[in-house]
Amino acid sequence: MPAPAENMKINADRLWDSLMEMAKIGPGLAGGNNRQTLTDADAEGRALFQRWCEDAGCTMGVDQMGTMFATRAGTDPDALPVYVGSHLDTQPTGGKYDGVLGVLGGLELIRSLNDMGIRTRHPIVVTNWTNEEGTRFAPAMLASGVFVGLHDLDWAYDRVDAEGKRFGDELARIGWKGDEAVGARKMKAFFELHIEQGPILEAEGKDIGIVTHGQGLWWLEITLTGKDAHTGSTPMNMRVNAGLGMARITELVHKIAMDHQPDAVGAVGQANVYPNSRNVIPGRAVFTVDFRSPDQAKLDGMKARLETEARKIAEDMGLGFDMQVTGHFDPVTFDDACVDALRRAAERFGYSHRDIVSGAGHDACWINRVAPTAMVMCPCVDGLSHNEAEEITKDWAAAGANVLLHAVLETAEIVE
């Protein structure tokens with residue numbers, strides 16, 4: 001099959017304008033976005049994306065999880081489609097690019113093919129996966145998890161947010177509950193463009209990150225139970241302080257991650273003490289631990305050590321101890337052929353690039369279970385993400401989208 005020509009490029013200005021236009025929907029307080037999943041802002045962003053896709057000649061399908069699939073027809077009706085995409089939902093204090101670049105980069109790919117009059121044998125489908133962030137309805141990557149069979153559809157519908165609202169009810173409320181069976185679609189391949197969300201590419205002056213692996217993770221929630229007591233009148237040696245236990249286990253989490261270097265990270269992210277009063281010794285502490293590594297043995301070893309040593313800390317302090325798994329996936333190795341297509345694309349343009357491991361979870365990590373999958377990343381300023389100050393440049397966005405374009409064209413097969 002012919003390789004894409006070097007002069008086949010996306011329209012960088014149009015891609016950037018689309019990113020800025022989408023960012024007007026669900027604006028944050030400090031220049032970013034708050035477009036959490038299944039909110040009115042999410043519905044508005046979806047409607048804009050649908051209009052753009054239909055204007056580009058695509059047909060839109062929506063599955064029962066609300067995931068959107070915009071299809072550009074191929075010349076062979078029996079050929080499996082090549083999928084691209086990411087997500088439009090954001091964190092409560094999210095940036096303008098996390099996820100959105102992958103969706104709108106896919107749309108720009110379609111628009112640019114239209115401009116150049118290029119046809120492909122395989123259809124190309126641009127995807128907006130529902131609830132990748134998981135910030136309102138846990139867990140993250142919920143719709144893609146249902147798509148690959150990790151989660152049951154009814155279980156996903158029963159997830160609730162902090163106000164007790166059900167995922168299924170909110171999906172219906174905003175009008176994006178589709179009829180298509182989740183997971184019915186078959187893929188030739190899936191490519192996801194994303195910002196790095198880390199500092200490596202910018203620090204090394206690289207234009208492109210070719211993602212070869214994704215870190216696995218354990219999300220753990222620990223509950224310590226002690227005894228509420230007055231801070232002023234309870235002797236130090238008679239306290240059963242759940243807050244102190246949490247502090248000691250927080251230090252332990254850091255030590256465990258450091259002892260598993262390199263390629264391992266860990267931290268306590270969310271922490272709450274009860275009754276959370278200034279003059280009451282905490283009688284209960286609930287906090288989350290996030291361990292990640294691309295090495296399965298290290299990942300599982302960190303979890304096992306935490307359970308043993310944290311339990312011992314609690315017992316020595318007279319605290320009740322409970323640890324529950326709230327999220328997990330194994331390390332991911334992306335498809336060699338898809339990775340090579342991205343690497344060839346970067347080299348065709350002369351972009352500086354390096355192999356990289358994704359430190360965050362992405363929908364591609366789940367889709368990798370059912371289709372050949374790979375990811376391409378562009379730098380982000382200071383590695384900052386999940387923050388309204390998240391920033392990239394127009395040139396970085398264009399480079400990532402150009403690599404995506406060429407890898408997809410190789411896979412979807414240009415028709416001469």
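Me: What does Gln 197 touch, leaving out residues up to four places away in sequence?
Reply: Gln 197 touches Asp 98, Ala 360, His 362, Cys 380, Gly 383, Ser 385 and His 386. Contact here means heavy atoms within 4.5 Å. This is a predicted model, where local features need pLDDT of at least 70 and side-chain atom pairs count only at pLDDT 80 or more, while totals for chains, interfaces and linings use all residues. Residues are numbered from 1 along each chain as its sequence is written, and side-chain values use heavy atoms, with hydrogens and water left out.

Me: Which side chain does Gln 197 make a polar contact with?
Reply: That of Asp 98, side chain to side chain, at 3.2 Å. A polar contact is a pair of N or O atoms within 3.5 Å; within protein, one must be able to donate a hydrogen and the other to accept it, and residues adjacent in sequence count only if both atoms are side-chain atoms.

Me: Is Gln 197 buried or exposed?
Reply: Gln 197 is buried, at 19% relative accessible area. Buried is under 20%, exposed over 50%, partly exposed in between (1.4 Å probe, protein chains only).

Me: And where does Gln 197 lie?
Reply: In the loop between β6 and α7 (200-204). Helices (H or I, at least four residues) and strands (E, at least two) are DSSP runs, numbered from the N terminus.

Me: Now strands. How is β6 joined to β16?
Reply: By six bridges, with β6 (residues 189-195) and β16 running parallel. Glu 192 has Met 375 of β16 as its bridge partner. Strands pair if DSSP finds at least two bridges between them.

Me: What about β7 and β16?
Reply: Those run antiparallel, joined by three bridges, and β7 spans residues 208-214. Val 211 stands opposite Met 375 there.

Me: Why is β16 largely enclosed?
Reply: Because six of the six residues of β16 (residues 373-378) are buried. Thr 373, Met 375 and Met 377 cover one side, and Ala 374, Val 376 and Cys 378 the other.

Me: Switching to helices. At what angle do α10 and α12 cross?
Reply: Roughly 125 degrees, with the axes of α10 (residues 336-349) and α12 (residues 394-412) coming within 8 Å. Axes are lines fitted to C-alpha atoms, for helices over the stretch in contact, and angles run from 0 to 180 degrees between N-to-C directions.

Me: Which residues make the contact?
Reply: Among them are Leu 342, Arg 344 and Phe 349 of α10, and Asn 402, His 406 and Glu 410 of α12.
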